[in-house]
Amino acid sequence: MIRLHGFFRSLASYRVRAALRLKGIEFEEVEVDLLKGAQFSPEFDAVNPQHAVPVLEIDGLRLVQSLPIIEYLDERFPSPALLPGDAAGRARVRALAQIAASDVHPLIVPRVRNYLGNPLGLPEEAKQAFIQHWFSLGSAALEARLVRDPETGTFAHGDTPGIADVVLTSHVLGARVFKTDMSSAPRLSALADRCLALAAFDAGGMKQLL
Ligand SMILES: N[C@@H](CCC(=O)N[C@@H](CS)C(=O)NCC(=O)O)C(=O)O
């Protein structure tokens, strides 16, 4: 059985969950409660010494990092494809995904939020403003790309959902959880809503935070 170590409000776990569902792959999920610090338990340290989710157990492997996990799934289960067939298209969707997953998301994860509080002593309102700032900046970049690029279709790249949609939807969910003003990113927000209407993109327990 394929096993996902994840958490309901983890944006990176959401990406892998959505990719598995888009491909119709059955899996079971083990909860790693990030709010209770379960990522630091000795049991989970043995699974991922980086103390982060997602981890996907598959084919006797323990894969980490949501984007490489999704690319593994795409190679292992090619249909439906989550990456375009051409090199230029793959470069574009990987770049869109990385704006959210590599440039924004690392700034808002629990370990960073905790560090801002202790030892840096930032009060809750300042932490919230920090998080919203980075979500806004990333959203502006994504919005411009989606509006300007002729490759944008019903979904982020053409008319079928793929890796960029999975990651951009996780970004919008995160922005909404942290009450970021997304009014200047209407195309990005509409894209996420189109995805969220599909069963594979179900936000699960995150919905109660929106
Ligand atoms: N770049 C990684 C991010 C992994 C990550 O930081 N996950 C967060 C949850 S979304 C986590 O487990 N954080 C634990 C912590 O910050 O203590 C990926 O895409 O998988």
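The model contains an open sheet of 4 strands in the order 2-1-3-4, with mixed pairing, where two strands count as paired if DSSP finds at least two bridges between them. The strands, like the helices, are DSSP runs numbered from the N terminus, a helix (H or I) needing at least four residues and a strand (E) at least two. At the edges of the sheet stand strand 2 (28–31) and strand 4 (61–64), each of which pairs on one side only. Neighbouring strands are turned against each other by 20 degrees on average, with direction ignored.

This is a predicted model, in which local features need pLDDT of at least 70 and side-chain atom pairs count only at pLDDT 80 or more, while totals for chains, interfaces and linings use all residues. Residues are numbered from 1 along each chain as its sequence is written, and side-chain values use heavy atoms, with hydrogens and water left out.

## The hairpin and the packed helices

Strand 3 (residues 55–58) and strand 4 run antiparallel and are joined by 4 bridges. Within this pairing Val55 stands opposite Val64, and Ile58 has Leu61 as its bridge partner.

Which strands does helix 1 touch? Helix 1 (residues 11–22) packs on the sheet and touches strand 1 (3–6), strand 2 and strand 3, where contact means heavy atoms within 4.5 Å. The direction of helix 1 makes about 155 degrees with that of strand 1; such angles run from 0 to 180 degrees between N-to-C directions, and the axes are lines fitted to C-alpha atoms, for helices over the stretch in contact. Helix 3 (residues 66–76) lies across strand 3 and strand 4, and runs at about 130 degrees to strand 4.

The buried residues of helix 3 are Ser66, Leu67, Ile69, Ile70, Glu71, Leu73 and Asp74, where buried means under 20% relative accessible area, exposed means over 50%, and partly exposed lies in between (1.4 Å probe, protein chains only). These buried residues pack against helix 1, strand 3, strand 4, helix 4 and helix 7.

## Salt bridges

A salt bridge here is a side-chain nitrogen of Lys or Arg within 4 Å of a carboxyl oxygen of Asp or Glu, and by this rule the count comes to 14 salt bridges. The table sets out three of these pairs.

| Pair | Distance, N to O |
|---|---|
| Asp74 and Lys23 | 2.7 Å |
| Arg94 and Glu71 | 2.8 Å |
| Lys127 and Glu124 | 3.2 Å |

The salt bridge between Asp74 and Lys23 links distant parts of the chain, since Asp74 is in helix 3 and Lys23 is in the loop between helix 1 and strand 2, 51 residues apart. Asp74 is buried, with a relative accessible area of 12%, and Lys23 also counts as buried, at 9%.

The pair of Arg94 and Glu71 likewise links distant parts of the chain, with Arg94 in helix 4 (residues 87–104) and Glu71 in helix 3, 23 residues apart. Arg94 counts as partly exposed at 34% relative accessibility, whereas Glu71 is buried at 18%.

Why are Lys127 and Glu124 separated by about one helical turn? The reason is that they are 3 residues apart in helix 6 (residues 124–148). In general, an α-helix has 3.6 residues a turn, so residues three or four places apart point the same way. Lys127 is buried, with a relative accessible area of 13%, while Glu124 counts as exposed at 55%.

A network of salt bridges also links Arg3, Glu28, Glu57 and Arg62.

## A buried glutamine

Gln39 lies in the loop between strand 2 and helix 2 (42–47). Is Gln39 buried or exposed? Gln39 is buried, with a relative accessible area of 6%. Leaving aside residues up to four places away in sequence, Gln39 touches Val32, Asp33, Leu34, Phe44 and His51.
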